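Morning, everyone. Please bring up the sequence and the model on your screens. I'll go through sheet, pockets and cores.

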Amino acid sequence: LLSTMSAAILRATKLPTSGPYPTLDPFLFCVYHSDDYPADESGGKMETTFPGNGSDFNPHAPYRMYHGHHIPGFPQHPHRGFETITATMEGLIDHADSVGNAGRYGEGDVQWMTAGGGVVHGEMFPLVHSDRPNSLRLFQIWLNLPAVSKMVQPSFAMFWNSDVPVYKTDDEKASVTVWAGDYFLEENVTQNSPPPDSWASDPSNDVAVLHITVQPGGSIVIPKANSSADINRSVYLIEGHESNVKVDGKVINEKVCLTMDATKDVPIELDQGAKEEVQFLLLQGKPINEPVAQHGPFVMNTQAEIRDAFMDYQRTQFGGWPWPKDDMVFPQDKGRFALIDGKETRPPSSTTESCSS
């Protein structure tokens, strides 16, 4: 895709029109959801006008129903052996799981779930607002667990948007939302702690998840990795590819995954005359370097462990589903909340927040 590579860019891979992006160890999966859901016209049921077929991933439609029928999203399904990071930019998600945890989150919140030995969860996208569209933008990222941690107890963390560090350049023409990692953190800023069994909980693994935005006339430098160890780093151009942004001096004009040399700084520059901003996702971390056996929602080290996962799920349902519906959503006026270990919390600024019109 690039006629000549730069010092920092090792290779460039065009991103698919839909479906998961290519990832490097320790990441397993990354998908970018961008859906223009309409306002709720169902009288508070938070449903779309036209039902889904149970498997709607059409990249050319204004929005997708995914595995939802009346409410878009992903009704209950199991996971074992890895973690999910759901990093939001716009819109709201309703979470429910087999442990009894639940939440409504979005608008910049981050949910981090360690599936470990097994959890069942649902992620639904209810049309909460009846007075305006329910646009949704988020990343769903799977971070692997090493063999020693694959069967740990499930855990769940919620980072409200007010607690997610955001760095801005002096001219405010570039910003970085630091979903994970020790980068672009200003003095007196405390980064959120990943769940205790996460690969990211050890700073020497140098895991980072960054959302980078550059406005016309803006520039920013992604610093080289903190760790001197072998670090995998991928940078994805997700929005604004027609703006001819320069990455390490090379013009990028397609939606691509750039595999980077993590030992080098990476300057990003956008010309003043560009028509729109550009947005990047950065994923990096020390590779786990273990065999990966994956079948659907289970990620282990051997095929025998995958068979065990299916048998365990059939036998125990990973604790069962304690909610009345497979596509569990919460009342339209509930607002953002997190129910963790029986305790409900809300974002600091919105103890009485309501999301309905």
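Start with a term: two strands pair if DSSP finds at least two bridges between them. Strands themselves are DSSP runs of at least two E residues, numbered from the N terminus.

Before we apply that, a word on the source. This is a predicted model, in which local features need pLDDT of at least 70, side-chain atom pairs count only at pLDDT 80 or more, and totals for chains, interfaces and linings use all residues. Residues are numbered from 1 along each chain as its sequence is written, and side-chain values use heavy atoms, with hydrogens and water left out.

Now, how many bridges join strand E4 to strand E7? There are 5. E4 covers residues 82-90, E7 covers residues 110-114, and they run antiparallel. Find Thr86: it stands opposite Gln111 in E7.

Zoom out. These strands belong to an open sheet of 5 strands, in the order E2-E9-E4-E7-E10, with antiparallel pairing.

Next, pockets. A pocket is an open set of points on a 1 Å grid over the protein atoms alone, where a 1.4 Å probe fits, with protein on both sides within 12 Å along at least five of seven lines; lining residues have an atom within 4 Å of a point. Volume is the space filled by probe spheres set on the points.

The largest pocket has a volume of about 920 Å³. It is lined by 36 residues, and the closest to its centre are Ser18, Gly19, Val31, Tyr32 and His33. Which strand gives the most to this lining? E2, with 7 residues.

The second largest pocket holds about 300 Å³. Its lining has 18 residues, with Gly181, Asp182, Ala200, Pro203 and Val207 closest to the centre.

Last, cores. A nonpolar core is a set of buried Ala, Val, Leu, Ile, Met, Phe, Trp, Tyr and Cys residues joined through side-chain atoms within 4.5 Å. Buried means under 20% relative accessible area, with a 1.4 Å probe and protein chains only.

The largest nonpolar core has 32 residues. Ile212, Val245, Val247, Leu258 and Phe280 touch the most other members. Strand E13 (residues 208-214) supplies the largest share, 4 residues. Apart from this core lies another, of 28 residues, including Cys30 and Trp179.

Conventions. Buried means under 20% relative accessible area, exposed over 50%, partly exposed in between (1.4 Å probe, protein chains only).
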